[in-house]
Amino acid sequence: MSMGELLCADSAPGDSGMAALRDLEERIAGADEAARARAIDKWNAVAKPIGSLGMLEDAVVRIAALTGSEDVRIGKRAVVVMCADNGVVAQGVSQCGPEVTKAVAVSLGKGVSSVCAMARVHGIDTVAVDMGMSEVGDEGVPGVLDRRVARGTGDISVGPAMTRDQALQAIRAGVDLVGELAGQGYRLLVSGEMSIGNTTTSSAMTAALLGMPVEDVTGRGAGLDDAGLARKVGAIERALEVNAPDAGDALDVLVKLGGFDIAGLVGLFIGGAVHRVPVVVDGYISALAAFTAQRLCPSCTCAMLASHVSAEPAARRLLDELGLDAPIQGGLRLGEGTGGVCLVPLLDSALSLYNGITFDASGIEAYDPDLNVG
């Protein structure tokens, strides 16, 4: 039975879908500690001070532990951009509407969006996915994969965003997409999203999952003024009151407050662990999706690589909850996976040393790891 069939089989009326998610959890092999140790030994043989590349060394070791091999290769890589629309935009929580989601998706399909330009420089393919855009007809968008669950979610300020079946369908799409890409030879994925209004849905989910005040987790998104920020906070507060999400049930929180883009990213992170493909966590929305994935399948964190700390207020808290350190502190907030893409050339540089000159080849006496004092 495929991952998709598992989730479908578990989505009968009255069934939360948690049994299928537990089955996915059982299929995650977790970190290979022997491969981790071999990767550390390989780093220690490189002609440089031990640990001197800091978090970049850690990232390479993390990939080795996930894949089960110290031979770390990320030559074929892609940024996966989940596109969707959110009904809460009707409450004036964003400067623009769903027409912009569609316009950017069209640019993604043509390979001319912001992330496409940045990714191309570093040999990263762009995979755009329609998870539920409201302004796109049955014909879809050329160059964009159609995994649409529905034409946008409900307005969370008046009711739930989606049904449990829809949430499971979106998660399933993310898991299966990783399997497809792994079968095509991709060895590294970057998470991305394009969904007008998704800092509102993400802030609502974060407030519910972490029990934090709405004001502490809500930022200005794409640039709201004070009045817009007040509307956004108000919409989130109403969403929490109307939906009464169960903080102990991450799937319930996703169903009531989330978006199809977030659900697809949840599946992407779980799929990375199942298929042993590392997935780079982009910014705030991706970090929230990663945290939700961890709550649903705790072992899936082994597939995650942090890239940067978003400018959104709760971004660092979410990474702390995930136990991840981000090497980039740039105040980035463009979205589309652009921040995650910035990590890839850093990994390439690190790997050029990891697979490069050893102490033996250079004639330099090796450092003793047991005497390393910084």
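1. Disulfides. How many disulfides does the model hold? The count comes to 0 disulfides, a disulfide being a pair of cysteine sulfur atoms within 2.5 Å. This is a predicted model, in which local features need pLDDT of at least 70 and side-chain atom pairs count only at pLDDT 80 or more, while totals for chains, interfaces and linings use all residues. Residues are numbered from 1 along each chain as its sequence is written, and side-chain values use heavy atoms, with hydrogens and water left out.

2. C300 is in no disulfide. Its nearest cysteine sulfur belongs to C297 and is 5.9 Å away. C300 counts as buried, because its relative accessibility is 0% (buried means under 20% relative accessible area, exposed over 50%, partly exposed in between, with a 1.4 Å probe and protein chains only). C342 is in no disulfide either. For C342 the nearest cysteine sulfur is that of C116, 14 Å away. C342 is partly exposed, with a relative accessible area of 27%.

3. Helices here are DSSP runs of H or I with at least four residues, strands are runs of E with at least two, and both are numbered from the N terminus. Two packed helices are described by the angle between their axes and the distance between the axes. Axes are lines fitted to C-alpha atoms, for helices over the stretch in contact, and angles run from 0 to 180 degrees between N-to-C directions. Helix α8 covers residues 198-210 and helix α10 covers residues 226-243. Their axes come within 10 Å and cross at roughly 50°. That makes α8 oblique to α10 (under 35 degrees is roughly parallel, over 145 roughly antiparallel, 65 to 115 roughly perpendicular, and the rest oblique). The crossing of α8 and α10 is right-handed, meaning that the near helix is turned clockwise from the far one by less than a right angle; anticlockwise is left-handed.

4. Who touches whom in that pair. Contact means heavy atoms within 4.5 Å. From α8 come T199, T200, S203, A204, A207 and A208. From α10 come K232, I236 and L240. By class, the contact of α8 with α10 has 5 nonpolar, 3 polar and 1 charged residues. Ala, Val, Leu, Ile, Met, Phe, Trp, Tyr, Cys and Pro count as nonpolar, Asp, Glu, Lys and Arg as charged, and the others, Gly among them, as polar.

5. α8 against α13. α8 also packs with helix α13, residues 284-296. The angle is about 40° and the axes are 10 Å apart. α8 and α13 are therefore oblique to each other. Their crossing is left-handed. On the α8 side are N198, T199, S202, S203, M205, T206, L209 and L210. They meet Y284, I285, L288, F291, T292 and R295 of α13. The contact divides into 7 nonpolar, 6 polar and 1 charged residues.

6. Positive phi. A244 is not a glycine, yet has a positive phi of about 45°. A244 lies in the loop between α10 and α11 (250-257). At 52% relative accessibility, A244 counts as exposed. R276 is not a glycine either, and has a positive phi of about 60°. The loop between α12 (260-275) and β5 (279-281) holds R276. R276 is partly exposed, at 33% relative accessible area.

7. V175. Is V175 buried or exposed? V175 counts as buried, at 1% relative accessibility. V175 sits in helix α7, residues 164-183. Q329 is 154 residues from V175 along the chain, and their C-alpha atoms are separated by 29 Å.
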